[in-house]
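Dear colleague,

Please find below the structure that I am handing over to you, together with its sequence. My findings follow directly after it.

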Amino acid sequence: FKKGVTMFSWMNKYRLYYESFSPAQRLVADYFIKNPNKIGIMTLRQLSYEIKVGQHTIVRTIKDAGYS
């Protein structure tokens, strides 16, 4: 994790934005929250396949949660 960013803080951020996410983005958030140890070692393509959403949906979810 980046300095000052803990697992707890980014999980809370996804929970905070959860209601504003589309159904597909909620799948991404659910996966991230349930599998924090996997997401750091998987490629975008692997995540897309595993979550069964488009790569753009994953990127949009991350951006909508306030990350660039």
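I begin with Thr 57, which touches Ala 24, Gln 25 and Val 28 when residues up to four places away in sequence are not counted. Please bear in mind throughout that this is a predicted model. Thr 57 is found in helix 5. Its relative accessibility is 11%, and Thr 57 therefore counts as buried, the cut-off being under 20%.

Thr 57 is one of the buried residues of helix 5 (residues 55-64), together with Ile 58 and Thr 61. These residues lie on the same side of helix 5, because the arc that they cover around the axis is only 100°. The other side of helix 5 carries His 56 and Lys 63, both exposed. After helix 5 comes Gly 66, with a positive phi near 100°.

Helix 4 can be described in a similar order. Which residues of helix 4 are buried? They are Leu 47, Ser 48 and Ile 51. Their arc around the axis is only 100°, so they fall on the same side of helix 4. Arg 45 and Tyr 49 are exposed, and they sit on the face of helix 4 that is turned away from its buried side. As for partners, the buried residues of helix 4 pack against helix 2, helix 3 (36-39) and helix 5. Just after helix 4, Lys 52 adopts a positive phi of about 65°.

The contact between helix 2 and helix 4 deserves a separate paragraph. Helix 2 (residues 23-34) packs with helix 4 (residues 44-51) at an angle of about 105°, and their axes are 10 Å apart. Helix 2 is therefore roughly perpendicular to helix 4, since angles of 65 to 115 degrees are classed in this way. From helix 2, the residues Leu 27, Val 28, Tyr 31 and Phe 32 take part, and they meet Leu 47, Glu 50 and Ile 51 of helix 4.

With kind regards

Technical notes:
Residues are numbered from 1 along each chain as its sequence is written. This is a predicted model: local features need pLDDT of at least 70, side-chain atom pairs count only at pLDDT 80 or more; totals for chains, interfaces and linings use all residues. Side-chain values use heavy atoms; hydrogens and water are left out. Axes are lines fitted to C-alpha atoms, for helices over the stretch in contact, and angles run from 0 to 180 degrees between N-to-C directions. Helices (H or I, at least four residues) and strands (E, at least two) are DSSP runs, numbered from the N terminus. Angles under 35 degrees count as roughly parallel, over 145 as roughly antiparallel, 65 to 115 as roughly perpendicular and the rest as oblique. Contact means heavy atoms within 4.5 Å. Buried means under 20% relative accessible area, exposed over 50%, partly exposed in between (1.4 Å probe, protein chains only). The arc is that of the directions from the helix axis to the C-beta atoms.
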